[in-house]
Amino acid sequence: MIEIGLDDLDDIALGATFLGTGGGGDPYIASLMTRRAIAEHGPVTMLSLEEIDDNALVFACGNMGAPTVAIEKIMAADQPPAAVLALESHLGRKADLLMAFEAGGSNSMMPIYNAAMLGKPMVDADGMGRAFPEMQMVTFSVYGALGSPFALASEHGDTTILDIEDDKRAEYIGRGIVIRMGARSAKASFPMDGRTAKRVAIPGTTSLCQAIGVNLRRSRAANRDPFSALIEMLSGTHYGHAKVLFRGKVTDLIRETRDGWAIGKVVIEEQGEGTLEIEFQNEFLVARQEGTLRAIVPDLICILDTEMAQPITTERLRYGQRVTVMAVSAPPIMRTEAALAVFGPVGFGLEDRFVPVEELP
Amino acid sequence: MVRPKLRLGIDVGGTNTDAVLMDGDKVLAWHKVATGQRITDAIVSAAGAVLQQGNAGPEQIFAVMLGTTQFTNAVIERRRLNRVAVLRLAAPATTAVPPMSDWPEDLKARVDGGHYLLRGGLEFDGREISALDEAEILAAAGEIRQSGIDAVAITSVFSPLDAEMEHRAEAILRRELPDAAVTLSHRIGRIGLLERENAAILNAALSDLAVRVVDAFTRAIKDLGLAAPLYISQNDGTLMTAAHAARYPVLTFASGPTNSMRGAAILSGLNDALVVDIGGTTTDVGLLLDGFPREAAMTVEVGGVRTNFRMPDLLALGLGGGSLVRDGGARIGPDSVGFELEQRALVFGGGDLTMSDVAVAGGQMAIGEPSKVAGIDGVEAALAQAVAMVREGLERVRPSAATLPVILVGGGAPILRGDTIGGGEIVRPEHGQVANAIGASIAMAGGECDRVFSLDGISREDAVTAAKAEAEAQAVEAGADAASVRIVEMDEIPLSYLPGNATRLRVKAVGDLQGASMGGGA
């Protein structure tokens with residue numbers, strides 16, 4: 001059991017941007033919200049999966065909407081708790097613990113925010129281990145926990161409960177409601193007991209965000225090579241393998257909208273080293289060097305500013321940036337056949353087969 | 001009578017005030033003075049000198065263009081700021097992050113005059129979040145009046161899409177506070193609520209100073225006997241009227257670096273190039289695209305406050321004419337003797353070895369007494385190190401492997417030797433030391449459109465056409481000659497997760513000032 005206080009938030013946000021693998025939304029606003037909630041209500045207690053009761057009721061919380069709207073229409077203070085309360089009311093039972101469904105990007109902050117606002121403890125785990133664009137792309141769903149019933153709340157306190165027996169359809173129908181709510185909704189979902197959470201959730205991901213943030217911050221302060229320090233730290237976790245794929249300069253950037261996605265490709269070049277091409281759909285999906293596969297989803301591909309080791313999101317990519325591309329192996333629970341069928345290459349319409357990054361050149 | 005055709009460009013910096021007299025893009029005269037305590041005096045002195053040198057009468061001046069860092073400095077130094085009441089029209093949305101949540105404490109203590117989270121605001125598709133509540137606004141106005149605060153910032157959610165709510169709120173507020181200095185956020189910022197609100201609050205905090213400083217500018221122009229209109233240059237290299245600047249001082253925040261890059265473009269005749277501006281303490285490296293600086297993609301902090309102004313994307317290097325040289329020339333800066341060069345540098349009889357001393361010893365610069373640096377060590381090493389620093393900076397800013405010419409400007413330009421760097425030709429334009437004031441003098445009128453379009457009902461082409469038309473209309477409204485208006489920048493950001501292909505289009509248009517002609521004779 002640990003406590004999350006005001007001093008931990010910047011590190012968690014930095015680590016969450018790294019795990020966001022280019023997407024997930026900038027955690028800046030969510031961390032300001034959380035800062036205020038903790039300043040007002042005190043620090044949040046976080047339990048590891050092993051520490052929670054098998055019969056405890058756990059909700060996975062976060063937001064649903066468009067990142068471009070998120071920077072303009074900030075949430076109401078009581079909006080995220082409204083979703084939790086609505087789901088409790090529907091189930092006729094209080095949640096004992098809150099958990100993230102997405103540890104990467106801005107959703108990393110939401111269980112902390114809700115826990116502070118509602119005076120509940122949270123669980124150090126999530127369902128994505130990074131950022132993914134859709135609701136069904138979670139280990140919860142892969143291993144049989146259902147997203148429904150789930151609650152969505154608007155800033156007006158309007159709430160809706162959806163009960164949909166397939167998480168992919170839940171994503172589609174829920175997205176329609178979210179748009180009518182003004183493209184920024186709070187969500188409480190995947191109600192499950194502690195026993196199930198231990199089986200289906202990826203352990204330790206909120207504390208991993210913090211560890212990544214601390215590591216990057218200390219390397220900068222000590223003027224150490226942040227990349228090798230991070231690789232060393234990650235090798236001691238269940239993610240295990242991390243490496244620098246490429247270092248160079250952004251020389252081409254193509255973006256387009258297709259079916260509501262920010263889809264594109266970034267080309268990174270280094271004289272004498274050739275070029276690395278990374279395709280993205282909100283998050284970075286696949287990296288190829290001169291046609292040779294270097295890393296592919298669900299393994300993490302992260303682009304960092306070479307000088308400051310600041311993770312860069314797809315919307316902040318720009319011609320001329322000097323960047324370092326890192327790849328991190330996803331934990332085993334995200335690489336099973338069942339998991340790969342949902343958020344492996346095929347889940348994004350890629351024709352490549354998944355090959356673990358540690359087996360790739 | 002001959003139509004006036006000359007321009008007067010003035011740069012009022014923290015240390016120096018420069019003036020140039022321009023005929024089209026030709027420099028007729030230039031002069032530099034210390035800014036000192038009284039801005040009016042500095043302007044009269046610098047501008048008076050160029051009029052005399054250029055043998056020009058006040059009646060020959062078509063327009064005066066002025067760039068200034070006065071407002072940026074006030075925020076950084078936290079002085080002469082108004083206390084501001086903040087109205088945010090968004091409730092029940094946005095209450096999770098109240099205004100000024102992420103401001104540095106010392107600045108907040110100076111500026112915070114209370115905030116009001118009121119009903120209002122729009123959704124991304126133009127629906128109201130909630131209707132504006134007149135009684136609520138009047139109640140807030142009453143409280144503001146009682147507290148004696150006379151500067152107000154009003155921000156409504158998605159006001160860059162539709163500003164009507166901010167206008168209505170101002171009209172209601174004015175019933176109680178007829179004389180308040182009111183800043184509406186849509187006038188100065190783009191999408192990104194907190195950053196736009198921050199900019200509006202900073203603007204309101206500068207409202208008294210803006211009136212005083214612009215008044216000092218106007219008085220100087222009058223003292224010089226000039227009847228020509230006065231324009232102030234903005235962050236993006238375009239102009240606003242003095243009256244507009246008095247209301248929107250934050251729009252000058254990045255005008256200094258922008259002007260020097262625009263000046264570099266006009267002096268060299270190059271529109272696509274790298275620019276190296278070497279000052280006393282730092283060197284700014286930037287990229288010119290189509291004659292304008294490339295803008296930063298990240299949010300920019302001013303005095304510790306996050307804003308989303310259109311700022312040039314610059315890389316600052318710790319290299320300047322006053323930089324201290326150590327370790328036999330192996331190490332330069334980042335510290336500098338700054339404005340004390342003429343007291344502390346060896347060539348002026350001081351005790352510090354600076355880059356200027358090295359440049360004099362190397363025969364690249366002619367200031368002070370060269371005999372004082374004859375035979376000093378490390379000249380070769382330091383000059384080579386300066387080239388290496390700039391080459392590395394250029395490498396980071398250069399957009400692709402293609403080589404671009406490098407325009408070298410600024411008072412410290414002679415410290416960099418050579419004819420080429422990193423494969424690009426070095427262009428050293430005449431008058432590069434006053435590129436700033438020249439950039440101000442050639443600034444254009446501009447307009448921008450930043451809106452979210454839903455491509456459900458219209459084609460992408462139609463949306464782009466509409467966005468371009470809006471930017472062009474804004475430029476004409478800002479004083480541009482319609483025939484000269486052109487689109488200089490277009491950005492498209494798809495809004496992920498919104499079906500119907502919603503997309504955010506940002507278009508910038510610029511044109512010559514009406515009545516002006518860049519060719520020289522009007």
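Before quoting distances between domains, I noted that domain bounds come from an automatic or database domain assignment. I'm working with a predicted model, where local features need pLDDT of at least 70, side-chain atom pairs count only at pLDDT 80 or more, and totals for chains, interfaces and linings use all residues. Residues are numbered from 1 along each chain as its sequence is written, while chains are lettered from A and ligands numbered from 1 in the order in which they are written.

**Domains.** For chain B I got domain 1 (1-79 + 206-253), domain 2 (82-205), domain 3 (270-430) and domain 4 (444-511). I looked up domains 1 and 4 of chain B: their C-alpha centres are 31 Å apart. Four residues of domain 1 of chain B contact five of domain 4 of chain B (contact: C-beta atoms, placed from the backbone, within 7 Å).

**Overall.** Of the 522 residues of chain B, 54% are buried (20 or more other C-beta atoms within 10 Å of the residue's own, with C-beta atoms placed from the backbone). The C-alpha atoms of chain B fill a box of roughly 80 × 55 × 50 Å along the principal axes.

**Helix pair.** I then checked helix 1 (residues 39-53) and helix 7 (residues 207-223) of chain B, which pack at about 35 degrees with axes 8 Å apart. Helices here are DSSP runs (H or I, at least four residues), numbered from the N terminus; axes are lines fitted to C-alpha atoms over the stretch in contact, and angles run from 0 to 180 degrees between N-to-C directions. Among the contact residues I listed Ile43(B) of helix 1 of chain B and Phe217(B) of helix 7 of chain B.

Note on methods. Two residues are in contact if their C-beta atoms, placed from the backbone, lie within 7 Å. A residue is buried if 20 or more other C-beta atoms lie within 10 Å of its own, exposed if 12 or fewer, and partly exposed in between; C-beta atoms are placed from the backbone. Helices (H or I, at least four residues) and strands (E, at least two) are DSSP runs, numbered from the N terminus.
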